[in-house]
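Subject: Structure handover

Hello,

Here is the structure you were expecting.

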Amino acid sequence: MAYYQSEGIVLRTYDLGEADRIVVILSPEHGSIRAVAKGVRRPRSKLSAVIQLFSQASFMLYRGRQLDTITQGEMIEAFRPLRLDLDRMASAAYVGEWAGLVARERQLAVELYQLVLTALTALCHSPLGQLDMVLRRFEMGLLEVSGYAPQLRRCVHCGQKVGPFVFSTSDGGIVCNECKGTVKGRTLRPVILAQLQALRKLPFSRLGVLRIHAAAEKEIASLLQEFLQYRLEFRPKSLAALAEIRNLKEE
Amino acid sequence: MMYPGPVLRLMEELTKLPGVGPKTAQRLAFHLLKQETESIQQFAQALLAAKDRIRHCSICQNLTEDDPCRLCVSSERDQDIICVVEEPKDVVALERSSEYRGLYHVLHGAWSPMDGVGLETLRVKELLGRIKAGGVKEVIVATNADVEGEATAMYLARLLKPLGVAVTRLAHGLPMGSELDYAADDTIARALQGRHEI
């Protein structure tokens with residue numbers, strides 16, 4: 001099967017040679033696909049639109065030994081609002097960077113694809129004040145998809161359901177007072193635990209119902225990011241961009 | 001069979017170039033070895049001279065032999081308008097059009113969160129310095145019409161507008177010779193926004 005067709009979302013592009021680009025596509029059936037898009041840096045290229053970052057398109061590809069080649073592409077969703085706003089763009093870059101890390105070549109990625117698609121849609125249409133919450137929901141989803149979802153219902157050691165609890169990154173979830181012992185964990189206020197539990201269940205479209213204070217939001221962000229980085233052993237470069245945008249706003 | 005030491009070293013150096021893998025390096029190395037000594041000397045001298053004599057203009061950050069560059073010191077250029085581009089090659093492209101008579105500023109990249117390219121990496125501080133020094137009325141953002149270029153443009157607009165300069169963007173639309181059927185939704189939307197009477 002030299003030719004194959006696949007839907008996908010463009011996660012990364014790299015310049016190649018005079019006018020080509022290597023495109024990293026997240027596909028539900030094939031996971032991460034690395035393909036060459038020929039001549040796409042020329043203004044008259046018919047493929048240049050579909051290989052823009054975060055475009056969702058239907059691609060026709062030719063299987064190669066190392067890299068595949070994109071022969072045709074039909075746009076499904078361009079996620080235009082992402083390109084018109086810096087905050088949305090930086091948030092999408094964060095989503096894309098994690099997705100690129102977790103996706104494996106030539107492996108099914110149906111759940112990850114759906115998660116990224118839903119997160120990008122939410123980043124397009126959510127109010128600007130809610131973008132951080134969309135990212136938190138994405139982080140929670142990413143942990144589930146990659147098999148590292150934190151235990152938030154009962155103590156990871158004894159199964160105790162009644163708090164107080166601490167959150168232990170290394171133990172993978174909440175730990176009760178009896179089991180705490182020498183476990184290094186951060187104190188978890190009941191309200192934060194309830195919000196983390198809600199965040200795990202709520203669909204992206206209903207994030208607006210969560211009423212979280214700025215301080216609690218920061219606490220949740222720090223906890224989830226520490227957990228993600230510990231489990232996936234990666235610190236996204238786009239975190240710096242998000243901080244940069246935030247500083248620009250505050251100035 | 002192992003190649004002699006100097007050939008191996010040449011190949012190693014060639015693989016440091018962008019887009020050159022071991023096979024290409026081998027092909028290039030053998031091509032170079034076939035050349036006359038004089039031709040190789042000229043090649044080596046050109047490399048050394050370029051590295052030795054070319055620097056960044058302290059004003060516009062473009063590549064130049066003289067600092068400031070000839071565009072920055074030219075009395076024929078409009079001093080109150082700066083066109084911001086990503087790379088030195090973009091200055092050449094704009095100059096080819098013979099339409100623009102203002103000054104330039106080269107960022108040496110585009111804002112790219114996933115590659116860790118931010119304000120600190122780009123030559124934005126130097127641009128801010130030029131605008132704060134006064135005399136600039138308009139900044140044209142001529143970064144590429146891709147996602148990174150658009151993000152850079154938005155970034156610069158957010159940064160520069162509070163300084164009281166007009167920040168404009170090159171028009172987007174259908175390229176000459178293109179077919180409407182293949183144009184992106186985004187391109188068609190922008191072409192419609194930028195339509196004009198004929």
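**Where the chains meet**

Across the interface of chain A and chain B, the rule finds six residue pairs in polar contact, both residues being at pLDDT 80 or more. A polar contact is a pair of N or O atoms within 3.5 Å; within protein, one must be able to donate a hydrogen and the other to accept it, and residues adjacent in sequence count only if both atoms are side-chain atoms. On the side of chain A that touches chain B, the elements giving two or more residues are strand E1 (3-16), helix H1 (80-83), helix H2 (86-102) and helix H8 (238-250). Helices (H or I, at least four residues) and strands (E, at least two) are DSSP runs, numbered from the N terminus. H2(A) gives the most to that side, with seven residues.

Before you read on, two notes on the model. This is a predicted model: local features need pLDDT of at least 70, side-chain atom pairs count only at pLDDT 80 or more, and totals for chains, interfaces and linings use all residues. Residues are numbered from 1 along each chain as its sequence is written, chains are lettered from A and ligands numbered from 1 in the order in which they are written, and side-chain values use heavy atoms, with hydrogens and water left out.

Back to the interface. In chain A, 29 residues are in contact with 28 residues of chain B (contact means heavy atoms within 4.5 Å). The two chains bury about 2600 Å² between them, 62% of it on carbon and sulfur atoms. Buried area is the accessible area (1.4 Å probe) that two parts lose on being put together, summed over both. In chain A, Arg80(A), Leu86(A) and Glu244(A) lose the most area to chain B, together 22% of what that side buries.

**Salt bridges**

A salt bridge here is a side-chain nitrogen of Lys or Arg within 4 Å of a carboxyl oxygen of Asp or Glu. Arg158(B) bridges to Asp87(A), with the closest N and O atoms 2.7 Å apart.

Arg41(A) pairs with Asp15(A), at 3.7 Å between the closest N and O atoms. Arg41(A) lies in the loop between strand E3 (31-37) and strand E4 (56-62) of chain A, and Asp15(A) in strand E1, so the pair ties together parts 26 residues apart in sequence. Arg41(A) is partly exposed, at 30% relative accessible area. Asp15(A) is also partly exposed, at 49%. Buried means under 20% relative accessible area, exposed over 50%, partly exposed in between (1.4 Å probe, protein chains only). A network of salt bridges links Asp15(A), Arg21(A), Arg41(A) and Asp146(B).

Arg136(A) and Glu139(A) form a salt bridge too, the closest N and O atoms being 2.8 Å apart. Both residues are buried.

**Cores**

The largest nonpolar core has 92 residues; Leu120(A) and Trp111(B) have the most contacts inside it. A nonpolar core is a set of buried Ala, Val, Leu, Ile, Met, Phe, Trp, Tyr and Cys residues joined through side-chain atoms within 4.5 Å.

Best wishes
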